[in-house]
Amino acid sequence: QNTINKIAAGEVIERPASVVKELAENAIDAMATAVTIEIKDGGISFIRITDNGCGIDKGEIPMAFLRHSTSKIKSVEDLMCVRSLGFRGEALSSIAAVAQIELITKTKEAFTGVRYVIEGGKEQNMEDIGAPDGTTFIVRNLFYNTPVRRKFLKTATTEAGYVSALVEHLAFSHPEVSFRFINNGQNKLYTSGNGSLKDIIYHVNGRDIATNLLEVSAKTQDIQISGFIGKPMISRGNRTYENYFINGRYIKSNIITRAIEEGYKGYIMQHQYPFTALHFTIEQSIIDVNVHPTKMELRFSQNEFVYDFVLNAIRNTLSGRELVPEVR
Ligand code: ADP
Ligand code: MG
């Protein structure tokens, strides 16, 4: 069991940012409206994620750390958890196998909170403790028992950069959730959770970008696009600012990236890339279901249609504001 979990952890848990992704998505699934993410040493020695979500029942805690244990399948059937991000039940067992975890959690119904400690997949302690409603996960010393994998980690600064980028993506994809990110005791990002994408752009990308945006809004039967794109003048020399989200997730699609960039042709110079913060809502029926859920690449059953629709949305937005093409 333990060995299987250690192997499985390799697929899901590669680095501190993977831990943060899984735990933060669990917090969002638990209907949290505020999530605080704190790391030290790039997240290698310390990660703490606190949410104000539904908490975990005392009786269900050990189960939650078992492989393939999830509370969400039935919730999906109940249509209770429409925004459920995870339902494979692998994250907690995978993280517990390769790190030291301390969990403090309390449900609204419970009179007291619970503190639970599990290290290398082995339960260490469980006790009642005073705690606010919600859940805190502390993950210490990632890969302490798998030195080879630990060697594959980059420097603390680089790992912290990955976590930071991930938190930004989470903030963009969930404007209704307030995120706080603290790195080595320093506040790095705060979003209010008021639902405004523009506010998030302001906090993540700064005033220069937030004040040079065009709003995009386009809808057809299978696709809806909403959000903002940057005016041509704020284009960049790399693709870091091309943010888009498909059905609430940060996923890459070659078709969509190419369509966006083609839409900007004539407005920005070659080797310049636009700022975008777009949300795509795409019917499941036209998304290629054979794509593995952890792979970040997506395909569509009607590539041409998706491409043309996105391209036109970008072009219409750019031209509709009577922007003068800058170069060709
Ligand atoms: P999955 O998310 O695929 O269900 P995980 O291993 O990530 O699997 O989590 C296992 C279970 O632990 C979840 O189904 C959920 O019931 C519970 N859980 C994990 N994190 C939280 C949290 N922050 N708040 C409430 N419940 C949680
Ligand atoms: Mg999960």
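Q: In which sense do strand S1 and strand S2 pair, and over how many bridges?

A: Happy to take a close look with you. This is a predicted model, in which local features need pLDDT of at least 70, side-chain atom pairs count only at pLDDT 80 or more, and totals for chains, interfaces and linings use all residues. Residues are numbered from 1 along each chain as its sequence is written, while chains are lettered from A and ligands numbered from 1 in the order in which they are written.

Strand S1 (residues 34-40) runs antiparallel to strand S2 (residues 46-51), and six bridges join them. Two strands count as paired if DSSP finds at least two bridges between them. Helices (H or I, at least four residues) and strands (E, at least two) are DSSP runs, numbered from the N terminus. Within this pair, Val35 is found opposite Asp51 of S2.

Now for the sheet around them. S1 and S2 belong to an open sheet of eight strands with mixed pairing, ordered S5-S4-S3-S6-S2-S1-S7-S8. At its edges are strand S5 (122-129) and strand S8 (186-190); each has a single partner strand, so one side of each lacks a neighbour in the sheet. On average, neighbouring strands here are turned by 10° against each other, direction ignored. Axes are lines fitted to C-alpha atoms, for helices over the stretch in contact, and angles run from 0 to 180 degrees between N-to-C directions.

Helix H2 (residues 16-29) packs on this sheet, where it touches S1, S2 and strand S6 (134-140). The direction of H2 makes about 10° with that of S2. Contact here means that the C-beta atoms of two residues, placed from the backbone, lie within 7 Å.

Stepping back, the domain assignment, which is automatic or from a database, gives domain 1 (2-190) and domain 2 (207-320). Five residues of domain 1 are in contact with seven residues of domain 2. On the domain 1 side, helix H7 (residues 156-173) gives the most, with three residues.

The whole protein has 11 helices and 12 strands. Of its 328 residues, 37% are buried, meaning that 20 or more other C-beta atoms lie within 10 Å of the residue's own, with C-beta atoms placed from the backbone (exposed is 12 or fewer, partly exposed in between). Among contacts between residues at least 6 apart in sequence, 65% join residues at least 24 apart.
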